[in-house]
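Try each task before you read its solution.

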Amino acid sequence: MMTSCCRPTLPIRTAADLPRCYLPTALSRRCFSQIYDENPKWNFLQFVELKGIKSGERLFRTENRLTGPDSGGSRAFGGELIAQTLMAGFSTLEHSNPLLCNAVYISFLSPGDSTTPIDYRVEKIKDGRSLCNRIIRGEQNGRTLTSALTSFHSLGTQGREVSYKMPNVPKPETLKYHHEEILENMDSGNLSKLRMGHFKFVVYLAKLNVLLIKTCETDKFLFAYTRKMEPHRSMWIRVPKRSMDLSDRPIWNQLQFGIWSDITMASTGIIGIHPGNQGLRVLASLDHGIWFHQEFNLNEWCLYEMYSPVVHGSRVFNQGRLWTQDGALAATVSQESLYRPG
């Protein structure tokens, strides 16, 4: 839970004014050096770092990309845009109480280039007693890439609680790592050729020690698109603590899940279609929404459940739930993607 050290003292005018445990800004890199190994392969704080580019305006720029030739291509990864959008919103908060994001809805309007800086323009809509709202636009080379509505909520008193029950799936300690499964089957000729970009990305993340994955239904990940399957699958995800310590850092966990919530979501509905030899000419996310219900720690295994209620009109609608290992529903996700066969 968020502790008293997370409470910022007023006045707060810039991201640099916020204490370390309140906002993970990388404006002062030495403040966070103890979190990483001496020679980190991937610096999460550098990845979400935003630099103010106009004094007095809520306009930020990021030049750090996760994607690249080793991770499947030069198109900006949707998850990185989600995390950086959240970071831009957090960087403009001026509130006497600690705030967490309770909801973010982002529309992907144009594909982004991972080799070019992205600017984030933040519009303050409301600063209330317990809720703050922002509209955030991501821009690149004169084009609007994303438009997002974000909501931030202060921690209040607990009322009655109710939620769905966590699905009954194998425990993570009984499963293989996904990147090991991929490497074991790489030369078999059985892997879905349409998923090779995803397979390379998963191995790349494991190689960097950034994200570990264990799938509950191996066939639906390794052999997706080769035959028709029920569009419902789950995987355990975890950020290694030696990569980044997320304990008692709820905002960092929200930023991390913003990235990884997009890693396999778009293709979930496609496994129920079985595109087969047709291939996929287009599979692009149109929008993505996350509702954060309660705090979680991605240093511990969390279950990411994904399913597709409907595919219609060349659009794939997917939903997801993030569960803690003790069965608490931590977040709900929705996404719509454009699908066109080859």
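**Exercise 1: the surroundings of a lysine**

Beyond its neighbours within four places in sequence, Lys 220 is in contact with Met 229, Glu 230, His 232, Arg 233 and Ile 271. Keep in mind that this is a predicted model.

Task: find which element holds Lys 220, and work out what its charged side chain has around it.

Solution. 
- Start with the location: Lys 220 belongs to helix H5, residues 218-222.
- Next, look for a charge partner. Glu 230 is the nearest side chain of opposite charge, at 4.0 Å. Lys 220 is buried, yet it has no salt bridge.
- Then turn to the backbone: a polar atom of the Lys 220 side chain lies 2.6 Å from the backbone oxygen of His 232.

**Exercise 2: a helix and its span**

Task: compare the reach of helix H2 with the value expected at 1.5 Å a residue, then decide why H2 can be called largely enclosed.

Solution. 
- H2 covers residues 78-90, which is 13 residues.
- From first C-alpha to last it reaches 19 Å, close to the expected 18 Å.
- Now check burial: 13 of the 13 residues of H2 are buried, so the helix is largely enclosed by the rest of the structure.

**Exercise 3: tracing strand pairs**

Task: which strands does S2 join, and in what direction do they run?

Solution. 
- Strand S1 (residues 51-52) runs antiparallel to S2 (residues 59-62), with 2 bridges between them. Here Lys 51 stands opposite Arg 61.
- S2 is also joined to S4 (residues 118-127), by 4 bridges and again antiparallel. In this pair Thr 62 stands opposite Ile 118.

Note on methods. Residues numbered from 1 in each chain as written. Predicted model: local features only at pLDDT ≥ 70, side-chain atom pairs only at ≥ 80, totals over all residues. Heavy atoms only, no water. Pairing = 2+ DSSP bridges. Expected span 1.5 Å × (residues − 1). Buried < 20%, exposed > 50% of the residue type's maximum accessible area, 1.4 Å probe, protein only. Lys, Arg positive; Asp, Glu negative; His and termini not counted. Polar contact = N/O pair within 3.5 Å; in protein donor to acceptor, adjacent residues only side chain to side chain. Contact = heavy atoms within 4.5 Å.
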